[in-house]
Amino acid sequence: MKKLILTTALTSFAFAAHADVTVMSWGGAYGGAQTEGHLKPFTAETGIGTVMVDSDNPATPIKAMVEAGNVTVDVASVEYADAIRLCDEGVLEAIDMAMLPAGDDGTPAAEDFIAGAVTECGVSTDVWSTVFAYDTTKFPEGPKTAADFFDLTKFPGKRGLHKGAKAVLEFALMADGVAPADVYATLGTPEGVDRAFAKLDTIKAETVWWEAGSQAPQLLADGEVAMTTAYNGRIFNAAISEGKPFQIVWDSQLFENEMYVVPKGAPNKDQALQFIAYATSTKGLRQQAQHISYGPSRKSSLKDPLVFMDGKTDMGPHMPTAEANMVNALGSDFQFWVDHDAELNDRFNAWLAAN
């Protein structure tokens, strides 16, 4: 790999523009934040064009592209466990940490990123979380805990849940009284898996399942559910940008890093790596965080207050990593999901199909 030449401020680059860099992400408010915080300013600064394409889960199509030998995406935004798994499977290009610029304060990249934010094949763009949220017009006093989400008597109405095992099973166990520190040890046993599904049984008949991140706040807005799990940034944008009467409950939030990766055989690999270096710089991470309430994964990006694009909303209290929001929080165990994703999703799909 040709070594990238980058200044600290990333104001000059060695590569000439060729074809557009195609970035595959999750659409909705998140894809919009990446477009405004990463794609547009990268193009303005380098002259290299960028194109955003959406997917419900970019890990799936990029793996299919690599296996078919027909890769049309240069950069993809994937969950941490998928970045590890796809790297192990040979689906992703390696990323040399030496190509990542120092922080704006001069801190080397290896010291500036939070622990675990840079892997063999991926670089973190942010820390996001799965939370649950409710419509305050339906519950003025509101639910306060994960257990309340499952209480259909005290808080009647439909529930929204993501259609998949990850984050749903952990949430069910915490709602059933399992401490965050014990969730994965519990879920690693047959009895723990049974316990999680037993808890889900209590609301299965009243659940509406969502797949794309944009669907969760829309279910709330349309009145199809009274409360739903969701990605915290999607609820933030609906409440702050659109004025929706939504409230996040941080109890039992599940947080993790989101990663930029380069699929093996990307048509514009050098430009893709240049894009990642820019997007995950101090400046790039701050720019994204001004559009959506996901925490930057560089310490230097948090040295100064972050203000939303409305010019008045302090982003700090809305980040998953805010001290008050981390009470009773759980960090997603990527290795657990690398090891157990297939079997638990098979169990989940079978459970979902059963009467």
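Analyst: The account below turns to individual residues one after another.

The model is predicted, so local features require pLDDT of at least 70 and side-chain atom pairs count only at pLDDT 80 or more, while totals for chains, interfaces and linings use all residues. Residues are numbered from 1 along each chain as its sequence is written, and side-chain values use heavy atoms, with hydrogens and water left out.

Most residues other than glycine have a negative phi. Ser 252, a residue other than glycine, has a positive phi near 65°. Ser 252 belongs to strand E8, residues 246-261; strands are DSSP runs of at least two residues (E) and helices of at least four (H or I), numbered from the N terminus. Because its relative accessibility is 3%, Ser 252 counts as buried; buried means under 20% relative accessible area, exposed over 50%, and partly exposed in between, with a 1.4 Å probe and protein chains only.

Asn 328, not a glycine, likewise shows a positive phi, of about 65°. Asn 328 is found in the loop between helix H12 (282-289) and strand E9 (330-331), and counts as partly exposed because its relative accessibility is 33%.

Asp 82 sits in helix H3, residues 80-88, and is classed as buried because its relative accessibility is 10%. Leaving aside residues up to four places away in sequence, Asp 82 touches Asn 57 and Ala 59, where contact means heavy atoms within 4.5 Å.

Glu 141 occupies the loop between strand E4 (122-135) and helix H5 (146-149), and counts as exposed because its relative accessibility is 66%.
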